[in-house]
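These are my notebook entries on a single protein chain. I set down what I looked up, entry by entry.

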Amino acid sequence: MKGQDILLLLKLISLQKQEQLSTEAAMMSLAERWQDWETTEEETLQQKGLIEPGGIKAWRESLYTVRSLENSTGIGKTQIGDSLRRCIDIGLAKKDRKYGVPRANRKSLLEFFIYGLKYVFPARMAEMTRGIATSFSAPVLSTTLYSAGDLIPVWPDERAKSKGLKVQPVFHTVPFAVKKDKDLYAMLALTDALRLGNPREAGVAADMLGNIFREGT
């Protein structure tokens, strides 16, 4: 595996969640209006202005094009194609039988994260730098776990607000990608807790990742 595989697989999980939330929000909004007929998923999204008429398939597929994935993750087009093939070959990704788009194999991915991530992608804290908070210092964990000191782990980024000890992300475009996607940020910070944390921190992170991965399945 390569670092971009981790970033891409987590992005696929985030995109699937976005699909589900868009549909659920549209359904809830329309449910508040009186109508004496049933509305299909495509009609609902069309009425909310999320897609063009007859375009639900194109709307969903547009989220997963190589260009779209490149724009949202910073991973190069060739790398994305190679990564998807690699993840499918090893069973960490698959094609959605209904929609044909790539999906992460959440159960297998969680198992790998818990038992193998820290060995394949080891991490350590290095010199002081400005960066984006990760692991126990990220928002997803900051109210659950507390650091024993003032030096927090960060991904190097000149525009970040925090200062702490440098942690190399699983892939160099992680700081770019997380600025576009709060769910992706949360999942990547949790994976860093698995890479860096003591058994208690890793256990909390594994439980939280498990809950995220199970949502919508």
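**Entry 1: a pair in helix α5**

I began with Asp82 and Arg85, which lie three residues apart in helix α5 and are therefore separated by about one helical turn. Helices here are DSSP runs of H or I with at least four residues, strands are runs of E with at least two, and both are numbered from the N terminus. The model is a predicted one, in which local features need pLDDT of at least 70 and side-chain atom pairs count only at pLDDT 80 or more, while totals for chains, interfaces and linings use all residues. I number residues from 1 along each chain as its sequence is written, and side-chain values use heavy atoms, with hydrogens and water left out.

Asp82 and Arg85 form a salt bridge, with the closest N and O atoms 2.5 Å apart. I call it a salt bridge when a side-chain nitrogen of Lys or Arg lies within 4 Å of a carboxyl oxygen of Asp or Glu. Asp82 is partly exposed at 32% relative accessibility. The accessibility classes are buried (under 20% relative accessible area), exposed (over 50%) and partly exposed (in between), with a 1.4 Å probe and protein chains only.

**Entry 2: other salt bridges**

How many salt bridges does the rule give? The count comes to nine. I looked up Arg86 and Asp5, whose closest N and O atoms are 2.8 Å apart. This pair links distant parts of the chain, since Arg86 sits in helix α5 (residues 77-89) and Asp5 in helix α1 (residues 3-31), 81 residues apart. Arg86 is partly exposed, with a relative accessible area of 21%, whereas Asp5 is buried at 0%. I also noted a network of salt bridges that links Glu19, Asp96 and Arg103.

**Entry 3: Asp181**

I found Asp181 in the loop between α9 (174-178) and α10 (182-196). Is Asp181 buried or exposed? Asp181 is buried, at a relative accessible area of 5%.

The side chains of Lys11 and Asp181 meet in a salt bridge of 2.8 Å, N to O. Lys11 belongs to helix α1 and Asp181 to the loop between α9 and α10, so that 170 residues separate these distant parts of the chain. Lys11 is buried as well, with a relative accessible area of 3%.

The polar contacts of Asp181 came next. A polar contact is a pair of N or O atoms within 3.5 Å; within protein, one must be able to donate a hydrogen and the other to accept it, and residues adjacent in sequence count only if both atoms are side-chain atoms. The side chain of Asp181 has such a contact with that of Lys11 at 2.8 Å and with that of Gln18 at 3.4 Å. Leaving out residues up to four places away in sequence, I list Lys11, Ser14 and Gln18 as touching Asp181; contact means heavy atoms within 4.5 Å.

**Entry 4: aromatic rings**

The structure holds three aromatic pairs. Rings of Phe, Tyr and Trp (its six-membered ring) pair if their centres lie within 6.5 Å; planes under 30 degrees apart count as stacked, over 60 as edge-to-face and the rest as tilted. Phe112 and Phe113 make a tilted pair, at 6.2 Å centre to centre and 45° between the planes. Phe112 is buried at 19% relative accessible area, and Phe113 is buried at 1%.

The rings of Phe113 and Phe213 have centres 6.2 Å apart and planes at 50°, so this pair is tilted. Phe113 lies in helix α6 (residues 106-115) and Phe213 in helix α11 (residues 199-214), so the pair ties together parts 100 residues apart in sequence. I recorded Phe112, Phe113 and Phe213 as a cluster linked by ring pairs.

**Entry 5: strands around β3**

I then checked the partners of β3; strands pair if DSSP finds at least two bridges between them. β3 runs antiparallel to strand β5 (residues 162-166), with four bridges, and Arg130 stands opposite Lys163 in β5. β3 is also antiparallel to strand β4 (residues 153-156), joined by three bridges, where Ile132 has Trp155 as its bridge partner.

**Entry 6: the whole chain**

The protein has 11 helices and five strands, and buried residues make up 47% of its 217 residues.
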